Amino acid sequence: MTAQIIDGKKLAESIKEEIKNAIAERERQMLPIPGLATVLVGNNPASKTYVANKIKTSDALGIRSFSYELDENVSLEELESLIKELNDNPDVQGVLVQLPLPEHLSEDKVMHNISPKKDVDGLHPYNAGLLSRKYSEPLFYPCTPSGIIRMIQSVCPDISGMNAAVIGRSSIVGMPTAMMLSRCNATPTICHSYTKHLDEICRQSDIIVAAAGTPKLIQGDWVKPGAIVIDVGINHIPDSTKPRGYRIVGDVDFDEAVKRAGAISPVPGGVGPMTIAMLMSNTLKAIEYRES
Ligand code: NDP
């Protein structure tokens with residue numbers, strides 16, 4: 001058996017097309033178009049690439065982008081003052097501070113400053129708190145977990161009753177993904193670096209979401225035949241045959257897992273493009289809060 005490939009790039013394209021059309025329609029109706037502010041602190045090359053992609057995608061969809069690049073040594077007060085300015089700017093519906101931040105800046109403190117109504121990353125404690133409450137809806141669902149759920153539902157719309165292993169418990173990926181799976185009536189097991197018998201947990205799971213940041217952590221024979229495998233990991237492996245001197249791999253031993261899984265997402269071309277598409281979707285949604 002060879003698994004169906006969950007093509008995140010293709011799925012993301014169709015979501016972005018819908019967003020582009022919705023924005024074009026707003027323009028036709030002379031309604032305000034959404035604006036997304038990105039704040040990049042320092043010179044982390046990966047962060048620079050992520051922010052550049054977000055700006056490029058915003059521009060392609062008709063979202064206005066406002067880009068801010070701050071020095072590595074910027075103070076918390078200066079960053080907070082910029083965020084306050086963006087919260088008050090009626091042309092900006094979404095405020096995104098690219099993570100990780102330099103060590104002297106507390107990510108928690110910075111996130112607290114973003115208005116929950118402009119928290120298009122869905123990481124503000126207010127939105128994270130609502131996500132964890134059974135009968136509440138956050139204003140925004142976090143982007144990567146939203147993309148993961150859309151990918152799973154693209155091959156299996158109803159995951160009620162399924163067992164899911166989520167490997168990773170970060171606030172950005174693992175924990176909110178587990179909560180969203182539970183909202184879809186799946187039963188998640190949240191795994192982390194202290195989890196025992198990870199292989200057994202995976203073998204009993206109908207869904208595996210791998211978000212540990214460890215290449216080939218999930219081995220082929222850990223995958224239950226027919227399972228849905230979503231590989232979130234982004235790992236840079238030295239490779240002298242590549243122009244940049246490295247290649248990007250996920251957390252799953254793809255070549256082996258593909259033989260057992262029912263559906264599997266590749267890296268690259270899986271969760272990455274979906275994360276950006278969901279950010280754009282949240283930015284469009286944010287304009288509704290301006291109008292409410
Ligand atoms: P973090 O480093 O914040 O979290 C990693 C998690 O994995 C932690 O909970 C850690 O456990 C757990 N973990 C690490 N090693 C193991 C192991 N051997 N067994 C079980 N659990 C383990 O990373 P993020 O959540 O931010 O990101 C995870 C991966 O996803 C990274 O590769 C990142 O680059 C990628 N990513 C991809 C995105 C995309 O759009 N494609 C977006 C965001 C992230 P503990 O808590 O005990 O330390």
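So, Pro 268: you'll find that residue in the loop between β11 (263-264) and α10. Helices here are DSSP runs of H or I with at least four residues, strands are runs of E with at least two, and both are numbered from the N terminus. The peptide bond from Val 267 to Pro 268 is cis, with omega near -5°. There's another cis bond to look at, from Leu 99 to Pro 100, with omega near 0°. Pro 100 sits in the loop between β4 (94-97) and α4 (107-113).

Quick word on what we're looking at. This is a predicted model, where local features need pLDDT of at least 70 and side-chain atom pairs count only at pLDDT 80 or more, while totals for chains, interfaces and linings use all residues. Residues are numbered from 1 along each chain as its sequence is written, and side-chain values use heavy atoms, with hydrogens and water left out.

How is the protein chain divided? Into domain 1 (30-115) and domain 2 (143-271), with bounds that come from an automatic or database domain assignment. Taken over C-alpha atoms, the centres of domain 1 and domain 2 are 28 Å apart.

Okay, on to the ligand. It has 21 residues around it, and the closest are Arg 169, Ser 170, Ser 193, Ile 234 and Thr 275. "Near" means that one of a residue's heavy atoms lies within 4 Å of the molecule or strand. Which helix gives the most to this shell? That's α10 (residues 271-291), with three residues. By type, the shell splits into ten nonpolar, ten polar and one charged. For that sorting, Ala, Val, Leu, Ile, Met, Phe, Trp, Tyr, Cys and Pro count as nonpolar, Asp, Glu, Lys and Arg as charged, and the others, Gly among them, as polar.

Now the polar contacts, meaning pairs of N or O atoms within 3.5 Å; within protein, one must be able to donate a hydrogen and the other to accept it, and residues adjacent in sequence count only if both atoms are side-chain atoms. The side chain of Thr 275 puts an N or O atom 2.8 Å from an oxygen atom of the ligand. Ile 234 uses a polar backbone atom, 3.0 Å from a ligand oxygen. And His 192 has a backbone N or O atom 3.3 Å from a nitrogen atom of the ligand. As for cover, the ligand taken alone exposes 930 Å², and the protein buries 68% of that. Those areas come from the Shrake-Rupley method with a 1.4 Å probe; for residues, only the protein chains shown count as cover.

Let's move to Asp 206, in the loop between α8 (198-203) and β7 (207-210). Its side chain reaches the backbone nitrogen of Asn 163 at 2.8 Å. Not counting residues up to four places away in sequence, Asp 206 touches Met 162, Asn 163, Lys 224, Ala 227 and Ile 228, where contact means heavy atoms within 4.5 Å.

Asn 185 also sits in a loop, between α7 (174-183) and β6 (187-191). It isn't a glycine, and yet its phi is positive, about 70°. Leaving aside neighbours within four places in sequence, Asn 185 is in contact with Ile 159, Ser 160, Gly 161 and Met 162.

Last stop, salt bridges: a side-chain nitrogen of Lys or Arg within 4 Å of a carboxyl oxygen of Asp or Glu. How many turn up in the whole structure? Eleven. One joins the side chains of Glu 25 and Arg 28, at 3.0 Å from N to O. Both lie in helix α1 (residues 8-28), three residues apart, about one turn of the helix.
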